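Please read the following account with the model in view.

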Amino acid sequence: MGASILVVEDEEPIQLLLKYNLEAEGYRVRATAQGEDVAYLIGEERPDLIVLDWMLPGISGIEVCRLVRTRPESRDIPIVMLTARSEENERVRGLATGADDYLVKPFSVPELLARIKTILRRINPEAVADKLVAGDLVLDRKTRRTSRGPRDVNLSPTEFRLLEQLMQNPGRVYSRGQLLDTVWGRDAFVDERTVDVHVGRLRKSLARGKEADPIRTVRATGYAFDERFGK
Ligand code: CA
């Protein structure tokens with residue numbers, strides 16, 4: 001499960017183009033045409049990055065940018081602005097308002113993807129790394145394989161995503177609800193007990209015999225990847 005990206009773009013073809021290409025890269029994408037929705041969407045789930053169009057029908061991209069930067073809970077979220085050619089002389093203002101980067105429309109999709117990856121790598125290398133490694137445990141995003149020392153660990157696709165999510169942020173405690181949203185998706189009809197079942201199976205595959213269990217159960221809260229595992 002890659003990083004989560006919020007796309008704020010009112011032109012439908014561009015919004016779809018962004019969503020399609022970002023999802024193909026493995027990001028989780030939410031999109032809106034309204035700057036007014038941004039505060040709510042950030043509250044719902046903090047995105048790792050925002051792609052923000054300058055010209056929006058309601059409050060402008062620049063105002064959205066300002067809003068995101070003034071709130072403590074969203075201050076650090078990187079923003080990539082999209083501007084039209086005619087607004088190019090406004091770029092400096094955009095960067096001064098706190099955007100991390102900008103692209104001029106019509107932009108090249110590979111260029112945008114490259115810039116996004118650069119920014120994400122800077123803030124959280126684990127979110128875009130090809131391999132997640134902790135001690136003798138290796139999760140390979142490219143080949144979708146997991147191994148522990150010399151042996152392959154066979155995981156179902158769900159267990160793989162679950163481990164990926166936990167390993168991506170060692171030590172961070174996820175509630176069952178958060179794991180349902182990020183691993184199963186917001187629309188899945190499964191209850192929180194399902195998380196326990198899959199964590200149980202994942203543990204069984206990861207830790208055999210006397211091997212240490214890399215997953216920590218946090219009572220009354222949820223689960224975390226043990227940040228001391230392998231150290
Ligand atoms: Ca626009």
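Predicted model: local features only at pLDDT ≥ 70, side-chain atom pairs only at ≥ 80, totals over all residues.

In the hairpin of E7 and E8, four residues lie between the strands, and Arg144 takes a positive phi near 60 degrees. Residues are numbered from 1 along each chain as its sequence is written, and side-chain values use heavy atoms, with hydrogens and water left out.

Strand E7 (residues 137-140) and strand E8 (residues 145-148) run antiparallel and are joined by four bridges; two strands count as paired if DSSP finds at least two bridges between them. Within this pairing, Leu137 stands opposite Arg148 in E8. Strands of a sheet pair through backbone hydrogen bonds, either parallel or antiparallel.

E8 also pairs with strand E9 (residues 151-153), again antiparallel, through three bridges. Here Thr146 has Val153 in E9 as its bridge partner. The hairpin of E8 and E9 has two residues between the strands, and Gly149 in the turn shows a positive phi of about 55 degrees.

Elsewhere, three strands form an open sheet in the order E10-E12-E11, with antiparallel pairing. Strand E10 (174-175) and strand E11 (215-218) stand at the edges with a single partner strand each, so one side of each has no neighbour in the sheet. E11 pairs with strand E12 (residues 222-225) in the antiparallel sense over four bridges, and the bridge partner of Thr217 in E12 is Tyr223. Helix H7 (residues 157-168) packs on this sheet and touches E10, E11 and E12, where contact means heavy atoms within 4.5 Å. The direction of H7 makes about 70 degrees with that of E12; axes are lines fitted to C-alpha atoms, for helices over the stretch in contact, and angles run from 0 to 180 degrees between N-to-C directions.

Which residues coordinate the calcium ion? They are Asp10 (OD), Asp53 (OD) and Met55 (O), at 2.1 to 2.3 Å. Donors are N, O and S atoms within 2.8 Å of the metal (3.2 Å for Na, K and Ca), and water is not among the atoms, so sites may look incomplete. Asp10, in the loop between strand E1 (4-8) and helix H1 (12-24), and Asp53, in strand E3 (residues 49-53), are 43 residues apart and link distant parts of the chain. Asp10 is partly exposed, with a relative accessible area of 31%, whereas Asp53 is buried at 2%; buried means under 20% relative accessible area, exposed over 50%, and partly exposed in between (1.4 Å probe, protein chains only).
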